[in-house]
Amino acid sequence: MDSLPVNLPASPTSEATAPSPPPPQLVDTQNPDPSKHAAAEDSSRMKVSQHGNGGNSSQSSSKKGRHRHRASQRSITRKLQWRLRILAKSDLLLYTVLAVIVVNTLTMAIDHDCDMCDGTSFCPKFKSALEISNIGFTAVFVGELMVKLIGLGIWRYFRTWLNWVDAIIVVVSLIEIPAVLATFQCYQSIHANCEEYYRCEEGVGGMSVLRAFRLV
């Protein structure tokens, strides 16, 4: 007689030892991963800082360029003032101005009343040459004044009373320039009546005489 198969129930120990599947992970869409969020914030801060550093570097470079330009201008001005100061104190300028004053005195000495109606054009040309020479003398004295004012400075220049006299003579000579030019043009013009040449010197001052006092 055949034996029937008997189905024995499973032991409780075998069911307990069986591994259970891991629970499903839930993704929180409202609260993302804080580490990823921090990394994104760090990268954005780095970009902003890089952009700010680029702007600051460009501003600093422009400021340095302006400072260098101003420093170069101050250096050129100081070099020019230093050279003009040496020239203002040099014997070269002194003797040059004295020579010009001597020549100016000689031109005053040779000036005389000549006959405008002698039938020649010598006298008008002679007078016009003297007038144009006065303009040249004035230009030399203006150059001397500018060299001393820039080289020595205004306050140091006007400490000496002789410099006051020189400055006054130069200023008045400049004021007299339009009258000198008018006299020169009058002598250069052709007048029908020779007596009109005698009117050319009307209104011309005597600043050439004042320049002779600089020899004292």
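Let's start at V165, which sits in helix α6, the stretch covering residues 161-188. When I say helix, I mean a DSSP run of H or I with at least four residues, while a strand is a run of E with at least two, and both are numbered from the N terminus. Please keep in mind that this is a predicted model: local features need pLDDT of at least 70, side-chain atom pairs count only at pLDDT 80 or more, and totals for chains, interfaces and linings use all residues. Residues are numbered from 1 along each chain as its sequence is written, and side-chain values use heavy atoms, with hydrogens and water left out.

Back to V165. Its relative accessible area is 32%, so V165 is partly exposed. On this scale, buried means under 20% relative accessible area, exposed means over 50%, and partly exposed is in between, with a 1.4 Å probe and protein chains only. V165 also belongs to a nonpolar surface patch of about 440 Å², together with W161, L162 and W164. A patch is built from residues with over 30% relative accessible area and no salt bridge, where nonpolar side chains (Val, Leu, Ile, Met, Phe, Trp, Tyr) are joined within 5 Å and like charges within 9 Å.

Now let's step back to the whole protein. There are seven helices and zero strands, so to read the elements from the N terminus on, you get α-α-α-α-α-α-α. Of the 216 residues, 22% are buried. The accessible surface comes to about 16400 Å², and 63% of that belongs to carbon and sulfur atoms; these areas come from the Shrake-Rupley method with a 1.4 Å probe, and for residues, only the protein chains shown count as cover. If we take contacts between residues at least 6 apart in sequence, 70% of them join residues at least 24 apart. Contact here means heavy atoms within 4.5 Å.

Next, the cysteines. How many disulfides does a search of the whole structure find? The search finds three, a disulfide being a pair of cysteine sulfur atoms within 2.5 Å.

C114 and C123 make one of them, with sulfur atoms 1.5 Å apart. Both C114 and C123 are buried, and their link is right-handed, with 65° about the S-S bond.

C117 and C194 form another, and here the sulfur atoms are 1.8 Å apart. Why does this pair tie together parts that are 77 residues apart in sequence? Because C117 lies in the loop between α3 (91-110) and α4, whereas C194 lies in the loop between α6 and α7 (207-212). The torsion about the S-S bond of C117 and C194 is about 100°, so this disulfide is right-handed. C117 is partly exposed, with a relative accessible area of 30%, and C194 counts as partly exposed at 23%.

Then a disulfide joins C186 to C200, at 1.9 Å from S to S. C186 is in helix α6 and C200 is in the loop between α6 and α7, so the pair ties together parts 14 residues apart in sequence. The link of C186 and C200 is left-handed, with -65° about the S-S bond, and both cysteines are buried. Number the bonded cysteines in sequence order, and the pairing reads 1-3, 2-5, 4-6.

Let's finish with charges. Side chains of opposite charge can pair when their charged atoms come close. The structure holds two salt bridges, each one a side-chain nitrogen of Lys or Arg within 4 Å of a carboxyl oxygen of Asp or Glu.

K127 forms a salt bridge with D111, and their closest N and O atoms are 2.8 Å apart. This pair links distant parts of the chain, with K127 in helix α4 and D111 in the loop between α3 and α4, 16 residues apart. K127 counts as buried at 4% relative accessibility, while D111 counts as partly exposed at 35%.

K148 forms a salt bridge with E144, with the closest N and O atoms 3.2 Å apart. Because they are four residues apart in helix α4, K148 and E144 are separated by about one helical turn. Both are buried.

E131 is buried yet has no salt bridge, and the nearest side chain of opposite charge, K127, is 7.1 Å away. For that count, Lys and Arg are positive, Asp and Glu are negative, and His and the chain ends are not counted. Leaving aside neighbours within four places in sequence, E131 is in contact with V180, T183, F184 and Y187.
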